[in-house]
Amino acid sequence: MYARIAGTGSFLPKKILTNADLEKLVDTSDEWIRSRTGIEQRHIVEDGETTTDLAEHASRNAMAAAGVGPGDIDLICVGTTTPDFVFPNVGTLLQSRLGIHGCPAFSLEAACTSFMYALSVADKFVRLGESKCALVVGAETLTRIVDWKDRGTCVLFADGAGAVILQPAEEPGIIATHLHADGKYKDLLLYPDGVSSGFKLVREGKAGVQMKGNEVYKVAVNTLGQLVMETLNANHVRKDQVDWLIPHQANIRIIEAIAKRLEMPMERVIVTINTQGNTSAASVPLALDTGIRDGRIRRGQLLLLEAFGGGFTWGSALIRY
Ligand code: ACO
């Protein structure tokens, strides 16, 4: 038994923040942001708009695309680092919004790799016959935890959500997922505050995402390069057999480096970072849905999804769409 993608959906908040808007907030320039990251604009939530709001819209779009209703969903798995509350988890908040009752619903957190982890977990439920219709979501409101005075990070991050519906199939589908983590890198990219540490920095007004950008960049390129080769080799797939690379959208230069490692022209890479920025856990399902809806990604094609994030965590999925 395998899991196949029956439908995808995504959602971006209406409000747009351009590089010109950021020039008014911090000492930066449109030229610097474009040339170093590839980002031209990003979508951000309004006051009161939450991760669950974005997840709900993306989920409804995915359910419509798959032709399923709330009564069909028997598993909800949400990847997010920016939940509405400590609890109930975003999975259950989403479950309530969608009018679904009784099925397992949870969220898991692996920073920008959260969706890859969620997809891998849900894939196993479907393969084991424990789910016949799984809703898998990556949703973030990362702009809520950004330090808007730190030009090194606030220009990068953005908000959004993407969702997929998984159903059982005789053939893959999801051929394989590969997940990794190494906590020795915990100090390079972090938001060092939370419940059991007492929200100390939040109370002092000093909280925010912290990143040693240069070091993250180097490890990300190296690690993702190894990850895509591990994924191809483990599944006996040649580079030229992959139709689409669907990468985490952190930096266009990282994306180009991985495409080069795969000897893939950029025409076969789904890029959304220019208009969407880095939406963390939402970026891969957003890119996937973008490519499917604009007709580039077609049924039967071979897709390679990959992501990298704080922890560090990293993961990939090889999918016959
Ligand atoms: N505008 C103008 N100047 C800036 C800005 C800005 N927004 N940010 C930093 N600078 C300055 C720095 O202060 C530095 O100035 P200095 O030389 O006078 O000290 C100079 O630009 C160069 O800074 P670097 O950090 O070396 O710039 P770099 O070329 O490495 O680009 C960037 C920075 C874009 C953050 C890059 O390192 C990067 O993309 N790293 C990876 C980040 C990433 O992928 N994060 C997320 C992965 S996981 C996840 O998605 C959560």
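Which residue is the bridge partner of Leu-303 in strand 13?

Guide: Ile-319 is the bridge partner of Leu-303 in strand 13. Some ground rules come next. This is a predicted model, in which local features need pLDDT of at least 70, side-chain atom pairs count only at pLDDT 80 or more, and totals for chains, interfaces and linings use all residues. Residues are numbered from 1 along each chain as its sequence is written, and side-chain values use heavy atoms, with hydrogens and water left out.

Now the strand. Helices (H or I, at least four residues) and strands (E, at least two) are DSSP runs, numbered from the N terminus. Buried means under 20% relative accessible area, exposed means over 50%, and partly exposed lies in between (1.4 Å probe, protein chains only).

In a regular strand the side chains alternate between the two faces of the sheet. Here Leu-302, Leu-304, Glu-306 and Phe-308 point one way. Leu-303, Leu-305, Ala-307 and Gly-309 point the other way. All of these residues are buried, Glu-306 included.

Next, the partners. Two strands pair if DSSP finds at least two bridges between them. Strand 11 (residues 244-247) runs parallel to strand 12 over 4 bridges. In that pairing, Ile-246 stands opposite Leu-305. Strand 13 (residues 313-320) pairs with strand 12 in the antiparallel sense over 8 bridges. Strands 12 and 13 form a hairpin with 3 residues between them. Gly-311 sits in the turn and has a positive phi of about 135 degrees.

Rings of Phe, Tyr and Trp (its six-membered ring) pair if their centres lie within 6.5 Å; planes under 30 degrees apart count as stacked, over 60 as edge-to-face and the rest as tilted. The structure holds 3 aromatic pairs. One of them joins Tyr-185 and Phe-312, stacked at 5.0 Å centre to centre with 25 degrees between the planes. This pair links distant parts of the chain, 127 residues apart. Tyr-185 lies in the loop between strand 8 (174-181) and strand 9 (189-190), and Phe-312 in the loop between strand 12 and strand 13. Tyr-185 is partly exposed at 22% relative accessible area, whereas Phe-312 is buried at 0%. Phe-312 also pairs with Phe-308: the ring centres are 4.7 Å apart and the planes stand at 50 degrees, so this pair is tilted. Tyr-185, Phe-308, Phe-312 and Trp-314 form one aromatic cluster.

A charge sits over a ring if NZ of Lys or CZ of Arg is within 6 Å of the ring centre and within 35 degrees of the ring normal. Arg-299 lies over the face of Tyr-321, at 3.9 Å from the ring centre.

Now for the charged pairs elsewhere. A salt bridge is a side-chain nitrogen of Lys or Arg within 4 Å of a carboxyl oxygen of Asp or Glu. The structure holds 16 salt bridges. One of them joins Glu-56 and Arg-60 at 3.0 Å, N to O. Both residues lie in helix 3 (residues 51-66), 4 residues apart, about one turn of the helix. Glu-56 is buried at 15% relative accessibility, and Arg-60 is partly exposed at 39%. Another salt bridge joins Glu-204 and Lys-206, with the closest N and O atoms 3.5 Å apart. Glu-204 is partly exposed at 39%, while Lys-206 is exposed at 56%. Arg-238 and Asp-240 form a salt bridge too, at 3.0 Å between the closest N and O atoms. Both Arg-238 and Asp-240 are exposed. Salt bridges that share partners join Asp-53, Glu-56, Arg-60 and Arg-97 into one network.

Back to strand 12, to close. The strand is buried on both of its faces. Strand 11 pairs with it in the parallel sense, and strand 13 in the antiparallel sense.
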